[in-house]
Amino acid sequence: MHLATDPSGPDRRQAVEGRLAHALRGGITAVRDMAGDARALADLSRAALVGDIESPAIYYAALLSGPGFFDDPRVQVSSRGLTTGSAPWALAVTDSTILPLAVAAARGAGATGIKLYAEVPPALIARIVTEAHRQGLKVWSHATLVPAVPMDAVRGGVDVLSHAAQILWEVQRLPDFRQRMNADYATAKPDDPKFAALFGEMARRGTALDATLYVFRQREDGLAFAAGVVRRAHAAGVPILAGTDAIGAPADGPLPHLHDELELLVTRAGLTPLAALTAATSAPAKALGIDATHGTIAVGKAADFVVLSADPSADIRNTRQIEATYRAGRRYEPAAR
């Protein structure tokens with residue numbers, strides 16, 4: 001999700017704290033922010049950690065991308081006050097970038113992972129991943145980076161590919177990353193042999209797919225294709241993650257959007273309710289690198305869990321039947337109460 005794209009605008013502190021409290025009371029104990037203003041994110045993360053605000057734990061990425069991306073207004077506002085493309089959490093990279101310093105700066109900004117976005121060639125992907133892993137950071141990538149395609153990112157060693165719909169670009173090649181939404185989903189076939197090869201490589205390496213079906217909920221052709229991708233990736237043994245991009249706010253309804261994503265994973269992508277639950281618990285904990293202490297209920301692990309009044313393994317919609325959320329052992333009542 002994205003919490004701090006524009007902390008001086010729609011993502012002002014009071015609004016974000018409201019979204020975070022809404023998420024926590026709606027059953028979410030940790031979030032992964034996929035690139036925003038690390039100055040705001042670091043402060044939010046600290047406040048959540050020490051209990052100054054009602055919030056899930058916050059983990060976040062530092063974005064590395066080719067120079068062409070930095071005319072995007074989102075990255076301009078998330079690095080306001082600095083030369084665009086120079087911020088440690090939003091850095092333009094090329095083959096001449098001194099990667100040990102770039103990754104160290106991302107770590108200094110508090111990032112848990114590196115996000116790759118666009119204009120990253122295959123050879124540079126592999127170099128970034130090698131350095132990030134050497135310094136203990138995960139690498140989370142858009143599924144297509146242009147000129148690199150999904151298989152290039154997987155072979156480069158990224159830990160997660162985001163957006164199942166973007167897997168399309170393994171067979172439909174883009175001239176420019178800005179056209180990534182101009183897809184011909186109507187003729188796309190999730191059973192294309194190139195996709196099968198991609199999923200086999202992802203399963204072999206343990207590369208996770210962050211599905212984000214929720215993003216395409218109002219575009220049927222894109223949702224149908226993305227759901228078909230998730231169905232086949234899951235069958236091939238690819239770890240699936242439940243992400244939404246948008247966390248949700250109290251004005252959007254009584255619960256965060258994650259519950260809608262879980263329902264889509266079952267009703268459209270064909271996952272069992274238990275597999276969908278895994279996509280929201282142990283699988284993302286592993287993607288964050290915190291699975292030794294989070295993601296499952298076990299002796300010695302963090303007391304982060306949600307109590308439901310009905311069985312979600314029988315009906316995934318029962319994740320909405322929240323009795324309480326526990327975060328670091330503290331009980332939070334549902335917002336509806």
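Modeller: One definition before we start: the expected span of a helix is 1.5 Å times one less than its number of residues. Also, this is a predicted model.

Biologist: Fine. How many residues has α7, and what does α7 reach from its first C-alpha to its last?

Modeller: Helix α7 covers residues 193–205, which is 13 residues. From first C-alpha to last it reaches 19 Å, close to the 18 Å expected at 1.5 Å a residue.

Biologist: Which residues of α7 are buried?

Modeller: F195, L198, F199, E201 and M202. Looking down the axis of α7, these buried residues fall within an arc of 160°, so they line one face of the helix.

Biologist: Why would residues three or four places apart point the same way?

Modeller: An α-helix has 3.6 residues a turn, so residues at that spacing point the same way.

Biologist: What do the buried residues of α7 pack against?

Modeller: They pack against α6 (150–156), β7 (160–162), β8 (208–210) and α8 (220–235).

Biologist: And which exposed residues sit on the face turned away from the buried side of α7?

Modeller: P193 and R204.

Biologist: What caps the N-terminal end of α7?

Modeller: D192 does, with a side-chain oxygen 2.8 Å from the backbone nitrogen of K194. Just after the helix, G206 has a positive phi of about 80°.

Biologist: Where else does G206 turn up?

Modeller: In the lining of the second largest pocket. That pocket is lined by 17 residues, and G206 is among those nearest its centre, together with D159, T207, A208 and K286.

Biologist: What volume has the second largest pocket, roughly?

Modeller: About 250 Å³.

Biologist: Which helix gives the most to its lining?

Modeller: Helix α11 (residues 282–288), with four residues.

Biologist: Switching to α2. What does α2 reach, end to end?

Modeller: α2 has 13 residues and reaches 18 Å between its first and last C-alpha atoms, close to the 18 Å expected. G51 follows α2, and the phi of G51 is positive, near 85°.

Biologist: Which residues of α2 are buried, and what covers them?

Modeller: The buried ones are A38, A40, L41, L44, S45, A47 and A48. What covers them includes α1 (13–25), β1 (30–33) and β2.

Biologist: What is S55 in contact with, leaving aside neighbours within four places in sequence?

Modeller: L20, L24, A48 and R327. A48 is one of the buried residues of α2.

Biologist: Next, T325. Where is T325 found, and is T325 buried or exposed?

Modeller: T325 is found in strand β11. T325 is buried, with a relative accessible area of 0%.

Biologist: Which backbone nitrogen does its side chain reach?

Modeller: The side chain of T325 reaches that of G27, at 3.4 Å. Leaving aside neighbours within four places in sequence, T325 has contacts including L24, R25, T29, F305 and Y332.

Biologist: Last one, A328. Buried or exposed?

Modeller: A328 is exposed because its relative accessible area is 60%, and exposed means over 50%. A328 lies in the loop between β11 (322–327) and β12 (330–332).

Biologist: What does A328 touch, not counting residues up to four places away in sequence?

Modeller: A303 and D304. The C-alpha atoms of A328 and A302 are separated by 6.3 Å, with the two residues 26 apart along the chain.

How values were computed: Residues numbered from 1 in each chain as written. Predicted model: local features only at pLDDT ≥ 70, side-chain atom pairs only at ≥ 80, totals over all residues. Heavy atoms only, no water. Helix = DSSP H or I, 4+ residues; strand = E, 2+ residues; numbered from the N terminus. Buried < 20%, exposed > 50% of the residue type's maximum accessible area, 1.4 Å probe, protein only. Arc of directions from axis to C-beta. Contact = heavy atoms within 4.5 Å. Polar contact = N/O pair within 3.5 Å; in protein donor to acceptor, adjacent residues only side chain to side chain. 1 Å grid on protein atoms, 1.4 Å probe; cavity = no way out; pocket = protein on both sides within 12 Å on 5 of 7 lines; lining within 4 Å. Points joined across faces, edges and corners; volume = space filled by probe spheres on them.
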